Amino acid sequence: MIAGKTTVDDALFVETAEGPALLGSRCTDCAAHTFPRQGGCPRCTGSAMEDVPLSRTGTLWSWTVQGFRPKPPYTGTENYEPYGVGYVELPGQLIVETRLVETDPVKLEIGMAVELVLAPFRDDEFGWPVHTFAFVAVTA
């Protein structure tokens with residue numbers, strides 16, 4: 001459990017003072033970041049990787065709305081609702097593919113500030129929500 005919530009995979013997250021963050025890795029040789037964590041560096045092929053919490057805030061780099069239920073191995077709820085999908089640039093780290101909480105295209109804008117949240121993805125066998133990572137617009 002992360003932040004008191006069941007997640008799709010607790011290994012994707014780390015608790016920080018600011019709240020849950022994505023857990024990535026950083027190459028100690030060339031400083032490249034990866035998500036999810038990796039044992040080897042895709043940039044320099046080194047193996048000196050360390051676990052690091054990734055930034056909880058970023059900038060929406062690109063986006064679309066997933067208007068139909070994805071094919072297997074998608075395990076989301078059977079009561080499918082469209083959702084935003086985007087690439088979020090985490091400053092000084094990397095660009096991560098992610099769900100977006102917002103589904104209204106009018107409210108999504110390239111360059112907008114976003115922050116990490118845990119969003120319901122599906123229910124477990126007991127009917128309790130299972131959460132995944134998503135980003136939501138930062139409100140001033």
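Modeller: The end C-alpha atoms of residues 52-117 are 18 Å apart, and this span is 0% helix and 48% strand. Here helices (H or I, at least four residues) and strands (E, at least two) are DSSP runs, numbered from the N terminus. UniProt, in an unreviewed entry, lists residues 52-117 as "domain: ChsH2 C-terminal OB-fold"; UniProt positions are given in the numbering used here, feature names are shortened, and annotations may be inferred rather than shown by experiment.

This is a predicted model, in which local features need pLDDT of at least 70 and side-chain atom pairs count only at pLDDT 80 or more, while totals for chains, interfaces and linings use all residues. Residues are numbered from 1 along each chain as its sequence is written, and side-chain values use heavy atoms, with hydrogens and water left out.

Strand 8 (residues 113-123) runs antiparallel to strand 5 (residues 57-66), with three bridges between them; two strands pair if DSSP finds at least two bridges between them. In this pairing, T59 stands opposite A113 of strand 8. Strand 8 is also joined to strand 9 (residues 129-137), again antiparallel, by nine bridges, and L116 has F135 of strand 9 as its bridge partner. Five residues lie between the strands in this hairpin, where G127 takes a positive phi near 90°.

F135 also belongs to the largest nonpolar core, which has 20 residues; L22, F35, V88, V96, F133 and F135 touch the most other members. Such a core is a set of buried Ala, Val, Leu, Ile, Met, Phe, Trp, Tyr and Cys residues joined through side-chain atoms within 4.5 Å, where buried means under 20% relative accessible area (1.4 Å probe, protein chains only). Strand 8 and strand 9 are among the strands that each supply at least two residues of this core. In soluble globular proteins, nonpolar side chains tend to be buried together.

A pocket is, on a 1 Å grid over the protein atoms alone, an open set of points with protein on both sides within 12 Å along at least five of seven lines, and lining residues have an atom within 4 Å of a point. This pocket is lined by 17 residues, of which E81, P82, Y83, R99 and P120 lie nearest its centre.

Key: Buried means under 20% relative accessible area, exposed over 50%, partly exposed in between (1.4 Å probe, protein chains only). On a 1 Å grid over the protein atoms alone, a cavity is a set of points where a 1.4 Å probe fits but cannot get out, and a pocket is an open set with protein on both sides within 12 Å along at least five of seven lines; lining residues have an atom within 4 Å of a point.
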